[in-house]
Amino acid sequence: MKPKVYFTRDITPENVVRLYHLLGVELPGKVAVKVHSGEQGNQNYLTPEFWKPMVDELGGTIVECNTAYGDASGGVRDHTETHWKLMEEHGWTTYFDVDIMDAEGPDVVWPVHGGKQLAENHLGKHIEDYDSMLVLARVRARGVLAGAHCTGPVPRSRRAHVDTSSRPRSRRGGYNEGVPQQRRLLMAITVNLYYTGENGAARAFAEEMEASGTAAAIRAEAGNVRYRYFQPLDDPETVLLIDAWEDQAAIDAHHASPMMAKVAELRDKYDLHMTAERYVADEDGFSAHDQSFIRS
């Protein structure tokens, strides 16, 4: 059965309601309304004022789930307390009842029958409190799409954002072998540390970090995703450490561990200076277009 798709060039709250009625669906019972509520520091989302006529039409509850990743500012939507605060700042609680569906565990686990990548999907526990769901999403084709779902994987829990953002495939070299490691990288905070010295000191530092077992001990710490040294071809006096962790809590625990004293000792021994870059994983991962340039 082919789906029906309705478009409008006139994007107004009233036309959203009109599109919903064109679907010819009456959502039963208690209705969850899934929206993109907006990231910290990113105002490219449709506001609660825009969605109010549609939500009021259904008497719905705005639903969200925590993400596996922090926002560009370094967190917020990946923890319930700060996620609630952001929902308040963006005005959602002013107009609607709001439910962060995985604020309490455990997740609801639904099987994915015949799934190519996943055997199960994790959803926010509160999904069981609703009878139907309306998904409201802005689409890039400059239109508005209203999708009616009685059930579906939309309110994915924090755990599910990791599982469903990964695509199992072999890698030669790359971050690390194995799907679990790849999934962890999709949610990682990565810090690139550049160690620079003189007369081969940076490479000697990296070699001693490995030979002494210090690097291996750090890799064994809870939450470490990657800890590997590389050397630029055009700069023999610099070594790059790619240091990736599951979340900020893991980084904080690492910084409080005895390993930091050993790292500092060796850094001072070889008289190295450092620069750093910090990256938070893109929740959407590689697009299909970008992926087409990568040879597995």
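**View 1. The side chains of Thr 238 and Thr 196 are joined by a polar contact of 2.9 Å.** In this predicted model, the side chain of Thr 238 also takes part in a polar contact of 2.6 Å, here with the side chain of Asp 235. Thr 238 has its place in strand 10. With a relative accessibility of 5%, Thr 238 counts as buried, because buried means a value under 20%. When its neighbours within four places in sequence are left aside, the residues in contact with Thr 238 are Tyr 194, Tyr 195, Thr 196, Ala 202, Gln 231 and Pro 232.

**View 2. Strand 8 and strand 10 run antiparallel and are joined by eight bridges.** Strands of a sheet pair through backbone hydrogen bonds, and this pairing can be either parallel or antiparallel. Strand 8 covers residues 189-196, while strand 10 covers residues 238-245.

**View 3. Four strands form an open sheet in the order 9-10-8-11, with antiparallel pairing.** The edges of this sheet are strand 9, residues 224-230, and strand 11, residues 273-280, each of which pairs on one side only. On average, and with direction ignored, neighbouring strands of the sheet are turned by 15° against each other.

View 4. Helix 7, made of residues 201-211, lies across strand 8, strand 9 and strand 10, and runs at about 140° to strand 9. Helix 9, made of residues 248-255, packs on the sheet and touches strand 8, strand 10 and strand 11. The direction of helix 9 makes about 125° with that of strand 10.

**View 5. Helix 1 and helix 2 pack at an angle of about 35°.** Two packed helices are described by the angle between their axes together with the distance between the axes. For helix 1, residues 13-22, and helix 2, residues 48-58, the axes are 7 Å apart, and the crossing of the two helices is right-handed. Helix 1 makes the contact with Pro 13, Val 16, Val 17, Tyr 20 and His 21, whereas helix 2 contributes Phe 50, Trp 51, Pro 53, Met 54, Glu 57 and Leu 58. Sorted by class, the contact of helix 1 with helix 2 has nine nonpolar residues, one polar residue and one charged residue.

Methods
Residues numbered from 1 in each chain as written. Predicted model: local features only at pLDDT ≥ 70, side-chain atom pairs only at ≥ 80, totals over all residues. Heavy atoms only, no water. Axes fitted to C-alpha atoms, helices over the stretch in contact; angles between N-to-C directions. Left-handed = near helix turned anticlockwise from the far one by under 90°. Contact = heavy atoms within 4.5 Å. Nonpolar A, V, L, I, M, F, W, Y, C, P; charged D, E, K, R; others polar. Pairing = 2+ DSSP bridges. Buried < 20%, exposed > 50% of the residue type's maximum accessible area, 1.4 Å probe, protein only. Polar contact = N/O pair within 3.5 Å; in protein donor to acceptor, adjacent residues only side chain to side chain.
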